[in-house]
Amino acid sequence: MTKINILKTEFEHLHDYSPIEHVNARLKSPESLLEKAARLDLPLNFESLAENVLDVAGVRIVCSFISDAYWVAKMITSQPDITVVRIEDYIANPKPNGYKSLHVIVKVPIFLSESREHVHVELQIRTVAMDFWASLEHKIYYKYDKAVPAALLAELTEAAGVADRLDLTMERIHNEVHPGASGSAHK
């Protein structure tokens with residue numbers, strides 16, 4: 001969070017524009033961690049959990065434009081103390097339900113009193129429209145305990161298409177107003 005907030009502040013002050021709209025973070029609860037370990041059939045020890053559960057910590061970064069999402073991912077993953085473990089590009093390759101986001105698994109250094117550990121963090125980088133869609137989809141899956149009626153699933157998939165068209169339209173309009181701005185912190 002500190003790294004991301006520093007980037008956000010730097011761009012707000014130096015460029016009068018930040019590609020980062022807002023950020024939030026979460027730590028997986030102990031119960032959720034145990035459920036995931038059971039699902040993955042992992043031994044319940046620190047080493048196994050640290051190496052196999054890659055989303056104990058999660059950070060969601062919401063951007064205005066698709067190009068911003070890629071740009072922020074590049075800025076974070078190019079930092080010398082960040083190790084990229086995996087990138088899943090669901091923007092270029094959406095899930096069948098229409099879900100779009102960049103998922104970047106990184107290892108970041110954590111400084112403890114007597115050591116430095118590298119821990120996994122899952123970054124989800126998406127646009128405002130993608131975030132709105134994903135938030136609603138999550139709430140619906142929770143309400144229906146993952147057994148969402150087919151008609152509602154079809155509407156969610158259609159809504160994902162609408163969100164995608166909105167993203168593309170807004171970025172096109174932005175690029176018309178600010179030519180050459182896309183992907184370069186919109187200087």
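Visitor: What relative accessible area does Ile 110 have?

Guide: This is a predicted model, in which local features need pLDDT of at least 70 and side-chain atom pairs count only at pLDDT 80 or more, while totals for chains, interfaces and linings use all residues. Residues are numbered from 1 along each chain as its sequence is written, and side-chain values use heavy atoms, with hydrogens and water left out. Ile 110 is found in strand 4 (residues 102-111), where strands (E, at least two residues) and helices (H or I, at least four) are DSSP runs numbered from the N terminus. On a scale where buried means under 20% relative accessible area, exposed over 50% and partly exposed in between (1.4 Å probe, protein chains only), Ile 110 counts as partly exposed because its value is 34%.

Visitor: What distance separates the C-alpha atoms of Ile 110 and Val 62?

Guide: Along the chain, Ile 110 and Val 62 are 48 residues apart.

Visitor: Which element gives the most to the lining of the largest pocket?

Guide: A pocket, on a 1 Å grid over the protein atoms alone, is an open set of points with protein on both sides within 12 Å along at least five of seven lines, and its lining residues have an atom within 4 Å of a point. The largest pocket has a volume of about 1400 Å³, a volume being the space filled by probe spheres set on the points, which are joined across faces, edges and corners. At least two lining residues come from each of strand 1, helix 2, strand 2, strand 3, strand 4, strand 5 (116-127) and helix 5. With 8 residues, the element that gives the most is helix 5.

Visitor: How many charged residues are in the lining of the largest pocket?

Guide: The lining comprises 37 residues, and those nearest the centre of the pocket are Arg 26, Lys 28, Asp 55, Gln 124 and His 138. Ala, Val, Leu, Ile, Met, Phe, Trp, Tyr, Cys and Pro count as nonpolar, Asp, Glu, Lys and Arg as charged, and the others, Gly among them, as polar. By these classes the lining has 10 nonpolar and 10 polar residues, and the number of charged ones is 17.

Visitor: Which residue forms a salt bridge with Lys 3?

Guide: The structure holds 11 salt bridges, and in the one formed by Lys 3 the closest N and O atoms are 3.0 Å apart. This pair links distant parts of the chain, from Lys 3 in helix 1 to a partner 78 residues away in the loop between helix 4 and strand 3 (83-89). At 32% relative accessibility, Lys 3 counts as partly exposed. The partner is Asp 81.

Visitor: What volume does the largest cavity have?

Guide: A cavity is a set of grid points where a 1.4 Å probe fits but cannot get out, and there are 2 cavities of 30 Å³ or more. The largest is lined by Gly 98, Tyr 99, Lys 100, Met 130, Trp 133, Ala 160, Ala 163 and Asp 164, with helix 6 giving the most, 3 residues. Its volume is about 50 Å³.

Visitor: Which elements give two or more residues to the lining of the second largest cavity?

Guide: The second largest cavity has a volume of about 40 Å³, and its lining has 7 nonpolar, no polar and 1 charged residues. This lining consists of Leu 7, Lys 8, Phe 11, Pro 19, Ile 20, Trp 71, Val 72 and Met 75. The elements that supply two or more are helix 1 (2-15) and helix 4 (66-77).

Terms used: A salt bridge is a side-chain nitrogen of Lys or Arg within 4 Å of a carboxyl oxygen of Asp or Glu.
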